[in-house]
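I opened my notebook to go through one chain, a piece at a time. Here is what I looked up.

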Amino acid sequence: MKVIHTSTNATIDLLQIATAYYFNPMDDSDLNADELAASIVSEAQRNAQTELRATSEILKLAGVVLRDRASSFSRGNNSNGLSPSMQNAGNSNYSSSNALTSPIANSIGGISNSSINSGLLYDRSAINSLSDDEETGSNVAIPEYSHLPGKFGSLSFSESAELTNSPTNRTKLLSKLDGLEGCNTPRRLDRVGSNDDASGVIRNDFRDAAVSPRTRSVIEEAMGNASSGSERVKSISRKPHGRNHTTTTLSNTAVGEMETARLPKVSLSEMMPAWVKRKITAESTGTRKSGVGNSTQSKNSEQKQHYYGQYEIHSSETIISHEFNRGNWTWAMEWSPDGNYLALATENHDLAIVDAGMSASLWKVIHDDHIGRLKNDTTHTIRAIAWGTTFIAIGGTGDAVSIIEPYLPASSSLRPSGITKQSFRVVDVITETGFVSALSWQKNSNILAIGNREDQCLVVKVCRGNDSSVNTNILHNVERSDWVNAVRFSPGGTKLAIGDRSGLLSVFLFVVVEQGEPPALSSLQNITMEDNILDIQWAPDAKYLYVGGEDYCITVIGTSKWDVLQKIGRDRWVPFLAPSRGGSYLVSGGSENSVSLFDVKKEWREITSLPLDGGIPLFAKWHPKDQYLAISGQFNDVIVYETSCRRLLEGKCLRSKSAVVAVDFSPNGKILAVGMESGIITFFDAGSSIFVTLYETVIGTGGDVTIRWSPNGRVIAISSGSTFVLLDTVYSGESGKHPQNNSRFFVRKVIQAGVNFASLTFSPKSEWLALTDTRTQILDIKNNCNCVRVLDQENVLSSGWSPDGSLFALVGTRDVVSIYDARAKSPSDWELLFSISFDITLNTLCWGPSIKKGLQYLAFGGDDKRATVLEIRTFERTWEEILGIPSKSNINDLDWNDKGLLCIGDDDGVVSIVDLSYLKSGRAVNEMNYNWQRQGLICTMKLTRNLGRNAITSLRWLSSNAVRNNRNLLVVGGSDGIVEIVDLPDRR
């Protein structure tokens, strides 16, 4: 079966052609239909030359259908209502001089003169010589386009012949393409005695169209249905595909009841709908880096009679993911049964275990070890992994399957003596298995199915002896004719599906026949696919069996009758399939740089895709409770998407009418200040369940806006364009001398400059303020912001004090990082410690938490797409670059909280968060275990919003002094006009 992609738009174009020539009266008033249809076909043909591979084949079919229509008129009406172009189209003797002069005929790529002369079309004279009854049973040869895309691809050979040889049936089938099931075919024109009679029949037929099912309104409605349908044509067949047979004596009903009895009684709660909705909303929104807000929403807001301010409550569009840099391809993954851990099998022979506990802010790799020599002196490159109730099984190129027994904190009571932390010991090795392609544990048992390239499926049982030793017994050895690439027990454990390279899919009944005896295998069904099978997956309720392979499609098999319900065309081989545990969604490979998400409840319609950065996906796996989706492949990273909304707070996301360029929390966390590009500054109550506006003002000319609260919370500094304003938050007026002030803020200082301000920051004790325009001034806050020191460095973009106030740093476009010793009482006495040159523009800097005197950490980033971390040893007057964290885009802002979490906002709409808490140990990095530093490099959480259409302009952690219940709150603002607070629970 040839399954090829098409699109709804191309299908609609062709339906318009069919409408023009089948459902319109053929008189002089409709001669312009030729030109209209020609332009439609021409556009469709251009699509065919780019990405719609199926369009050309559908055009061939459309061309034949149009000729049928023309020929039917020419046989009964040589003139009177038939355009000259259609008369030529009806001529049965084709040549280069008289073939198809109409615009539409010349536009259809599949029926060009060369194609006609080469015999692509069937012999019209043979058809014309037959009566209507004879045509249905004609033995005319089937042309090469009998295997057509879309729903035509599922036709049997006899149905294909009937389609080709009968214009009536062909028209009916064309009308059903992608949603035109409601359109009936116009009755064929009977042979009549004269041309006048024929003309009368034609006109009467269309005059009755006002009361006929085939009216224009019906066509338009059907075309609308097609437009709102799937973007991909799916091949559907209600008949079993290939060779099917069964040797079991049990009925399918009995087998289904056995399987259902073993399924969980309570269905899982899927989190995907909200996540999919957020992603689709984010993909469809019209936001760009240079423009904010949804144009439709803005238009609707302008049409309202009442004005409600600059902000509106907005649904979150943030997608949260976890990424692990493995340094090589990762072939397979598996979740622990409880979902708290994720096992990764990587090309570099390593088995990694990730702690994915729900309370963790950032996940950690708790085990990452090389699988060494086995009993038969071989090593693994792991290609398959399965995590069962008791054991983990891994296999690959090592001619063996290793049985690993995990000991984790949750199972401390089972931990052997002498083991004080989690461990993953190899307790047994099954040798001489050949290259292991697939592994699958039976539900709630220690029975393991092994598929290998020795043309076998081994079914083994892993047993624990009286002395606690572990050994294995082979229960069954299923011989096959070719490599076994896929094995999968059904969710209830009563069936075993096996797929091999020959394309044979076999389903066995796996049940206990006699008590005390091992389960017996009984052949239940064999289905032959068209090419190599690469993966098999059961739906959670076992109603469907999904098959993917080298036939470029996903095959959906109904297990009640073992018939093929659906075939979904893909661009590439389908190496993996992943049904969600709730059963409503299916994730699949088959694309070069993305994975596709299908909605099972909507006939497996593709609803979105997840893009990947450079590489073909090889594997995907859902969390046992559908809270995460893990993806790996031919790239260095493993990506895990969060599918729940637990970190996204209700009512804590706002969209503004202008880009958000500055955000900052008050030290007590009760107030959030937000600055827009337009110069509007808004203060929100951040302590309530939703945002409440407290105060709003306009400062300066906008553009570059910076907002900083003083650490003591007494004042707030704002620069906007060339205007600087210092606001006091505490009223200190004298009664009887100063007017009462009931507002929360009042102006304390205003500075106007000739150029825009680029940076401002407070010292830790709120004594000094650094303000930068063309130069950096150190202002004395207590002395009316008098300047006490001017620093020489020009073009500064960011500055800041270390948390203990001992160091002060500046970065900017001069490609220099300047670090001053700021321990002196007066800034006039500061000394320059380091002046470090870099070859890029640095946009931002931040300091890490201070734990030990004389040991500080500074992070900065900019146009080099990299966050650099320096270790500064002030007593030794030395510095060292200890870490470089890559980013896929320029870095705009950094913030580092006192718990060790560093967040990085880039120009592509992504916030990356890394855990550098190991730097709080008080020891220099050269004294530490490298594994701690490696964790900071390989484990990253990412918050993505409007990827590629948004720049993260400002972000800020809420101070831990203001945090309750160990919550890590992060506020993020972007050029998309959205400001949002995200909750990242503390691991501890």
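**Entry 1: charges over rings.** I began with K652. Its charged end sits over the ring of F691, 5.3 Å from the ring centre. I then looked at R501, which lies over the face of W483 at 3.9 Å from the ring centre. My rule for such a charge: NZ of Lys or CZ of Arg is within 6 Å of the ring centre and within 35 degrees of the ring normal.

**Entry 2: what I am working with.** This is a predicted model, where local features need pLDDT of at least 70 and side-chain atom pairs count only at pLDDT 80 or more, while totals for chains, interfaces and linings use all residues. Residues are numbered from 1 along each chain as its sequence is written, and side-chain values use heavy atoms, with hydrogens and water left out.

**Entry 3: the whole chain.** I looked up 16 helices and 57 strands. Both are DSSP runs numbered from the N terminus: helices are H or I with at least four residues, strands are E with at least two. Of the 988 residues, 57% are buried. Buried means under 20% relative accessible area, exposed means over 50%, and partly exposed is in between, with a 1.4 Å probe and protein chains only. The accessible surface comes to about 41200 Å², and 46% of that belongs to carbon and sulfur atoms. Such areas come from the Shrake-Rupley method with a 1.4 Å probe; for residues, only the protein chains shown count as cover. I also checked contacts, meaning heavy atoms within 4.5 Å. Among contacts with a separation of 6 or more, 55% join residues 24 or more positions apart.

**Entry 4: an eight-strand sheet.** I traced an open sheet in the order β27-β28-β29-β2-β54-β53-β52-β51, with antiparallel pairing. Two strands pair if DSSP finds at least two bridges between them. Which strands stand at the edges? They are β27 (617-622) and β51 (891-896); each has a single partner strand, so one side of each is left without a neighbour in the sheet. Neighbouring strands here are turned by 20° against each other on average, direction ignored. For such angles, axes are lines fitted to C-alpha atoms (for helices over the stretch in contact), and angles run from 0 to 180 degrees between N-to-C directions. Inside this sheet, four bridges join β28 (residues 628-633) to β29 (residues 637-642). L629 stands opposite Y641 in β29.

**Entry 5: aromatic pairs.** I found 21 aromatic pairs in the structure. Rings of Phe, Tyr and Trp (its six-membered ring) pair if their centres lie within 6.5 Å; planes under 30 degrees apart count as stacked, over 60 as edge-to-face and the rest as tilted. W363 and Y628 form an edge-to-face pair, 4.8 Å centre to centre, with 80° between the planes. W363 lies in the loop between β5 (350-355) and β6 (364-370) and Y628 in β28, so the pair ties together parts that are 265 residues apart in sequence. Both W363 and Y628 are buried. F808 and W830 form a tilted pair, 5.4 Å centre to centre, with 35° between the planes. F808 is in strand β44 (residues 807-812), and W830 is in the loop between β45 (816-821) and β46 (831-837), 22 residues apart. F808 is buried at 0% relative accessibility. W830 is buried too, at 6%. I noted one cluster as well: F324, W335, W363 and Y628.

Entry 6: Strand β3 (residues 330-335) pairs with β4 (residues 341-346) in the antiparallel sense over five bridges. Five of the six residues of β3 are buried. The hairpin has five residues between the strands, and there G339 takes a positive phi near 80°.

**Entry 7: one proline.** Is P519 buried or exposed? P519 is buried, with a relative accessible area of 11%. P519 lies in the loop between β17 (504-511) and β18 (520-528). Leaving out residues up to four places away in sequence, P519 touches I447, H476, F510, V511 and V512.
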